Amino acid sequence: MAGSWDRTVHHLEEQGGVDGRGILRSLVDGSAAVVVLRGLLPPERFASGIERILPLFRQATATNYTNVTSTTVGTYLAKHLAAPDAYFDEAAAAEELTDAVDFDLADRIRERLADVLELDSFELEREPDGRAYAKKNVRIYSDGVRTPLHNDNIMRDAVGTGLVVEKLRHQLSVVVCLQECDGGGELEIHQKSWHPQDEQFKIAGGFGYDGQVVGDAAVHWFKPQTGDVYLLNPTYYHAIGAPTGTDRITMGFFFGFYDDALRHAVAWV
(Lines give C-alpha, C1' and ligand atoms only; values in the text may rest on other atoms or scores of the structure.)
Protein backbone atom coordinates (compact mmCIF):
# COMPACT_ATOMS: atom_id res chain seq x y z
CA MET A 1 0.00 0.00 0.00
CA ALA A 2 2.62 2.56 1.09
CA GLY A 3 4.73 1.97 -1.99
CA SER A 4 1.83 2.64 -4.36
CA TRP A 5 0.78 5.92 -2.74
CA ASP A 6 3.34 8.20 -4.31
CA ARG A 7 3.78 11.31 -6.43
CA THR A 8 4.55 11.67 -10.10
CA VAL A 9 6.73 14.55 -11.31
CA HIS A 10 6.60 15.90 -14.86
CA HIS A 11 9.26 18.26 -16.23
CA LEU A 12 7.19 19.88 -18.94
CA GLU A 13 10.07 21.86 -20.39
CA GLU A 14 11.89 18.58 -21.09
CA GLN A 15 9.02 16.26 -21.98
CA GLY A 16 7.35 16.26 -25.38
CA GLY A 17 3.98 15.81 -23.69
CA VAL A 18 2.19 14.08 -20.84
CA ASP A 19 -0.83 11.83 -20.54
CA GLY A 20 -3.24 14.47 -19.30
CA ARG A 21 -6.17 12.08 -19.21
CA GLY A 22 -4.11 9.63 -17.18
CA ILE A 23 -3.12 12.35 -14.72
CA LEU A 24 -6.77 13.21 -14.05
CA ARG A 25 -7.80 9.57 -13.67
CA SER A 26 -4.95 8.87 -11.24
CA LEU A 27 -6.08 11.73 -9.00
CA VAL A 28 -9.77 10.92 -9.16
CA ASP A 29 -9.29 7.22 -8.43
CA GLY A 30 -6.67 7.83 -5.73
CA SER A 31 -3.82 5.94 -7.37
CA ALA A 32 -1.57 9.04 -7.23
CA ALA A 33 -1.00 11.06 -4.08
CA VAL A 34 0.31 14.17 -5.83
CA VAL A 35 1.06 15.15 -9.43
CA VAL A 36 3.81 17.77 -9.75
CA LEU A 37 4.10 19.87 -12.90
CA ARG A 38 7.40 21.70 -13.30
CA GLY A 39 7.88 24.19 -16.11
CA LEU A 40 4.16 24.80 -16.57
CA LEU A 41 4.99 28.50 -16.94
CA PRO A 42 8.34 30.27 -17.36
CA PRO A 43 10.16 31.05 -14.06
CA GLU A 44 9.82 34.78 -14.65
CA ARG A 45 6.04 34.45 -14.61
CA PHE A 46 6.15 33.11 -11.03
CA ALA A 47 8.68 35.76 -9.98
CA SER A 48 6.42 38.47 -11.40
CA GLY A 49 3.43 36.96 -9.61
CA ILE A 50 4.97 37.04 -6.15
CA GLU A 51 6.29 40.56 -6.77
CA ARG A 52 2.83 41.80 -7.72
CA ILE A 53 0.97 40.13 -4.87
CA LEU A 54 3.35 41.02 -2.01
CA PRO A 55 2.01 44.57 -1.53
CA LEU A 56 -1.45 43.09 -0.88
CA PHE A 57 -0.27 41.06 2.10
CA ARG A 58 -1.05 43.99 4.38
CA GLN A 59 -4.69 43.38 3.44
CA ALA A 60 -4.56 39.64 4.13
CA THR A 61 -7.41 38.19 6.20
CA ALA A 62 -6.73 36.04 9.25
CA THR A 63 -9.40 33.45 10.08
CA ASN A 64 -8.87 32.29 13.66
CA TYR A 65 -9.70 28.81 14.90
CA THR A 66 -8.90 27.47 18.34
CA ASN A 67 -5.97 25.46 16.97
CA VAL A 68 -4.73 27.42 13.94
CA THR A 69 -4.97 30.72 12.09
CA SER A 70 -5.54 30.70 8.32
CA THR A 71 -4.10 33.79 6.58
CA THR A 72 -5.21 34.50 3.02
CA VAL A 73 -5.33 37.19 0.39
CA GLY A 74 -8.78 36.52 -1.00
CA THR A 75 -11.71 34.51 0.26
CA TYR A 76 -12.89 30.90 0.10
CA LEU A 77 -16.32 29.34 -0.14
CA ALA A 78 -16.03 26.90 2.77
CA LYS A 79 -15.93 29.86 5.18
CA HIS A 80 -19.22 31.27 3.89
CA LEU A 81 -21.47 28.30 3.16
CA ALA A 82 -23.98 29.56 5.70
CA ALA A 83 -24.07 32.95 3.94
CA PRO A 84 -23.14 32.54 0.26
CA ASP A 85 -24.09 36.12 -0.59
CA ALA A 86 -21.22 37.35 1.57
CA TYR A 87 -18.88 34.99 -0.25
CA PHE A 88 -19.80 36.30 -3.70
CA ASP A 89 -19.37 39.88 -2.48
CA GLU A 90 -15.94 39.06 -1.08
CA ALA A 91 -14.98 37.15 -4.23
CA ALA A 92 -15.79 40.17 -6.42
CA ALA A 93 -13.88 42.50 -4.10
CA ALA A 94 -10.85 40.18 -4.05
CA GLU A 95 -10.74 40.02 -7.84
CA GLU A 96 -10.87 43.82 -8.06
CA LEU A 97 -7.96 43.99 -5.63
CA THR A 98 -5.74 41.56 -7.51
CA ASP A 99 -6.75 42.89 -10.93
CA ALA A 100 -5.53 46.32 -9.79
CA VAL A 101 -1.98 44.92 -9.48
CA ASP A 102 -2.26 42.79 -12.65
CA PHE A 103 -2.00 39.53 -10.71
CA ASP A 104 -3.33 37.20 -13.41
CA LEU A 105 -1.47 34.03 -12.49
CA ALA A 106 -4.62 31.97 -11.90
CA ASP A 107 -5.85 32.70 -15.42
CA ARG A 108 -2.50 31.73 -16.93
CA ILE A 109 -2.34 28.53 -14.89
CA ARG A 110 -5.86 27.55 -15.88
CA GLU A 111 -5.12 28.15 -19.56
CA ARG A 112 -2.02 25.96 -19.45
CA LEU A 113 -3.72 23.22 -17.46
CA ALA A 114 -6.54 23.06 -20.00
CA ASP A 115 -3.90 22.20 -22.59
CA VAL A 116 -1.79 19.84 -20.49
CA LEU A 117 -4.79 17.94 -19.09
CA GLU A 118 -6.45 17.76 -22.54
CA LEU A 119 -9.64 19.48 -21.39
CA ASP A 120 -12.36 20.69 -23.71
CA SER A 121 -13.03 23.64 -21.38
CA PHE A 122 -11.75 25.00 -18.09
CA GLU A 123 -13.86 27.95 -16.96
CA LEU A 124 -14.37 29.87 -13.77
CA GLU A 125 -17.66 28.66 -12.28
CA ARG A 126 -20.64 31.00 -12.10
CA GLU A 127 -24.10 30.78 -10.62
CA PRO A 128 -27.07 30.90 -13.04
CA ASP A 129 -27.58 34.56 -12.07
CA GLY A 130 -24.06 35.37 -13.30
CA ARG A 131 -22.28 35.72 -9.96
CA ALA A 132 -18.70 34.52 -10.34
CA TYR A 133 -16.91 32.30 -7.85
CA ALA A 134 -13.49 33.40 -6.62
CA LYS A 135 -10.66 32.54 -9.01
CA LYS A 136 -7.99 31.88 -6.40
CA ASN A 137 -6.60 32.85 -3.06
CA VAL A 138 -3.07 33.23 -1.79
CA ARG A 139 -2.20 31.48 1.46
CA ILE A 140 0.56 32.53 3.81
CA TYR A 141 1.90 29.77 6.07
CA SER A 142 3.95 31.31 8.86
CA ASP A 143 6.95 29.95 10.74
CA GLY A 144 6.03 27.20 13.19
CA VAL A 145 2.32 26.95 12.33
CA ARG A 146 1.07 23.51 11.25
CA THR A 147 -2.20 23.23 9.31
CA PRO A 148 -4.07 20.27 10.85
CA LEU A 149 -5.43 17.24 9.03
CA HIS A 150 -8.53 18.08 7.06
CA ASN A 151 -10.29 17.33 3.79
CA ASP A 152 -12.15 19.48 1.29
CA ASN A 153 -15.37 18.17 -0.21
CA ILE A 154 -17.75 20.76 -1.61
CA MET A 155 -20.16 18.04 -2.75
CA ARG A 156 -20.68 17.20 0.93
CA ASP A 157 -20.36 20.65 2.49
CA ALA A 158 -22.58 22.60 0.07
CA VAL A 159 -25.54 20.20 0.23
CA GLY A 160 -28.73 22.17 0.69
CA THR A 161 -27.25 25.55 -0.24
CA GLY A 162 -28.62 25.50 -3.77
CA LEU A 163 -25.20 26.40 -5.15
CA VAL A 164 -24.29 24.76 -8.45
CA VAL A 165 -21.10 23.26 -7.02
CA GLU A 166 -23.05 20.93 -4.75
CA LYS A 167 -23.85 18.95 -7.92
CA LEU A 168 -20.20 18.30 -8.76
CA ARG A 169 -19.06 14.71 -9.02
CA HIS A 170 -15.30 15.17 -8.57
CA GLN A 171 -13.16 17.79 -6.83
CA LEU A 172 -9.41 18.34 -7.27
CA SER A 173 -6.95 21.04 -6.18
CA VAL A 174 -4.32 23.15 -7.93
CA VAL A 175 -1.57 24.60 -5.74
CA VAL A 176 1.14 26.94 -7.03
CA CYS A 177 4.22 27.37 -4.84
CA LEU A 178 5.08 31.08 -5.03
CA GLN A 179 7.69 30.92 -2.26
CA GLU A 180 9.12 27.82 -0.65
CA CYS A 181 9.97 27.87 3.04
CA ASP A 182 13.45 27.14 4.41
CA GLY A 183 12.36 23.97 6.16
CA GLY A 184 9.21 22.01 6.95
CA GLY A 185 6.05 23.00 5.12
CA GLU A 186 5.52 19.57 3.57
CA LEU A 187 2.17 18.55 2.18
CA GLU A 188 1.16 15.43 4.13
CA ILE A 189 -1.55 13.48 2.33
CA HIS A 190 -3.14 10.22 3.46
CA GLN A 191 -4.81 7.63 1.30
CA LYS A 192 -8.08 7.95 3.17
CA SER A 193 -11.17 9.95 2.26
CA TRP A 194 -13.83 11.17 4.66
CA HIS A 195 -16.48 8.88 6.16
CA PRO A 196 -19.35 10.01 8.43
CA GLN A 197 -17.87 8.00 11.30
CA ASP A 198 -14.82 10.28 11.15
CA GLU A 199 -16.76 13.04 12.87
CA GLN A 200 -15.86 11.51 16.22
CA PHE A 201 -12.32 12.77 15.54
CA LYS A 202 -13.35 16.33 14.61
CA ILE A 203 -11.54 18.91 16.71
CA ALA A 204 -14.26 20.58 18.77
CA GLY A 205 -14.40 24.29 18.05
CA GLY A 206 -11.29 24.03 15.92
CA PHE A 207 -10.12 23.28 12.42
CA GLY A 208 -9.66 19.76 11.10
CA TYR A 209 -9.39 16.35 12.70
CA ASP A 210 -7.32 14.52 15.27
CA GLY A 211 -4.54 12.43 13.76
CA GLN A 212 -6.30 9.21 14.78
CA VAL A 213 -8.77 9.76 11.94
CA VAL A 214 -6.37 8.38 9.32
CA GLY A 215 -5.42 5.23 11.24
CA ASP A 216 -2.77 3.25 9.37
CA ALA A 217 -3.63 4.59 5.92
CA ALA A 218 -0.67 5.10 3.57
CA VAL A 219 0.83 8.59 3.77
CA HIS A 220 2.96 10.63 1.39
CA TRP A 221 5.00 13.78 2.08
CA PHE A 222 5.93 16.37 -0.52
CA LYS A 223 7.85 19.63 -0.02
CA PRO A 224 7.16 21.96 -2.96
CA GLN A 225 9.78 24.17 -4.57
CA THR A 226 9.18 27.70 -5.80
CA GLY A 227 7.53 27.44 -9.22
CA ASP A 228 6.02 24.01 -8.65
CA VAL A 229 2.41 23.55 -9.68
CA TYR A 230 0.96 20.48 -8.03
CA LEU A 231 -2.38 18.73 -8.17
CA LEU A 232 -4.03 16.59 -5.51
CA ASN A 233 -7.39 15.16 -4.57
CA PRO A 234 -8.38 17.22 -1.51
CA THR A 235 -11.16 14.84 -0.51
CA TYR A 236 -8.32 12.76 0.96
CA TYR A 237 -7.07 13.83 4.36
CA HIS A 238 -4.13 16.21 4.15
CA ALA A 239 -2.16 18.62 6.32
CA ILE A 240 0.68 21.11 5.94
CA GLY A 241 3.70 20.71 8.20
CA ALA A 242 4.92 23.72 10.15
CA PRO A 243 7.27 25.84 8.01
CA THR A 244 10.53 27.13 9.43
CA GLY A 245 12.25 30.33 8.39
CA THR A 246 10.79 31.98 5.30
CA ASP A 247 7.00 31.90 4.97
CA ARG A 248 5.49 29.24 2.72
CA ILE A 249 3.36 31.15 0.18
CA THR A 250 1.03 29.43 -2.27
CA MET A 251 -1.75 30.35 -4.64
CA GLY A 252 -4.50 27.80 -5.09
CA PHE A 253 -7.93 26.98 -6.34
CA PHE A 254 -10.18 23.96 -6.66
CA PHE A 255 -11.42 22.50 -9.90
CA GLY A 256 -14.05 19.91 -10.52
CA PHE A 257 -16.21 17.99 -12.94
CA TYR A 258 -19.93 17.33 -13.11
CA ASP A 259 -19.51 13.91 -14.72
CA ASP A 260 -17.02 11.08 -15.15
CA ALA A 261 -15.86 12.12 -18.60
CA LEU A 262 -13.50 14.68 -17.01
CA ARG A 263 -13.58 16.89 -20.08
CA HIS A 264 -15.22 20.11 -18.88
CA ALA A 265 -13.65 21.54 -15.72
CA VAL A 266 -14.85 24.42 -13.56
CA ALA A 267 -12.75 26.38 -11.06
CA TRP A 268 -13.52 28.04 -7.74
CA VAL A 269 -12.06 28.54 -4.32
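User: Which side chain does arginine 131 meet in a salt bridge?
Analyst: Arginine 131 meets the side chain of aspartate 85, at 2.8 Å from N to O. A salt bridge here is a side-chain nitrogen of Lys or Arg within 4 Å of a carboxyl oxygen of Asp or Glu. Keep in mind that this is a predicted model, where local features need pLDDT of at least 70, side-chain atom pairs count only at pLDDT 80 or more, and totals for chains, interfaces and linings use all residues. Residues are numbered from 1 along each chain as its sequence is written, and side-chain values use heavy atoms, leaving out hydrogens and water.

User: Which parts does the pair of arginine 131 and aspartate 85 tie together?
Analyst: Arginine 131 is in the loop between strand S5 (121–124) and strand S6 (137–141), while aspartate 85 belongs to helix H3 (residues 84–99), so the pair ties together parts 46 residues apart in sequence. Helices (H or I, at least four residues) and strands (E, at least two) are DSSP runs, numbered from the N terminus.

User: Is aspartate 85 buried or exposed?
Analyst: Aspartate 85 counts as exposed, at 51% relative accessibility. Arginine 131 is partly exposed at 29%. Buried means under 20% relative accessible area, exposed over 50%, and partly exposed in between (1.4 Å probe, protein chains only).

User: And what does glutamate 188 meet in a salt bridge?
Analyst: Its partner is arginine 146, with 3.2 Å from N to O. Glutamate 188 sits in strand S9 (residues 187–193) and arginine 146 in the loop between S6 and strand S7 (147–150), so this pair ties together parts 42 residues apart in sequence. Glutamate 188 is buried at 12%, whereas arginine 146 is partly exposed at 35%.

User: How many salt bridges are there in the whole structure?
Analyst: The search finds 15. One of them joins aspartate 115 and arginine 112 (3.3 Å, N to O); these two are three residues apart in helix H4 (residues 105–116), about one helical turn. There is also a network of salt bridges linking Arg45, Asp104, Arg108 and Glu111.

User: Switching to strands: what order does the open sheet of four strands have?
Analyst: The order is S7-S12-S9-S10, with antiparallel pairing. Two strands pair if DSSP finds at least two bridges between them. S7 and strand S10 (219–222) are the edge strands, each pairing on one side only.

User: How many bridges join S7 to strand S12?
Analyst: Two bridges join S7 to strand S12 (residues 236–240), and they run antiparallel. Histidine 150 stands opposite histidine 238 in S12.
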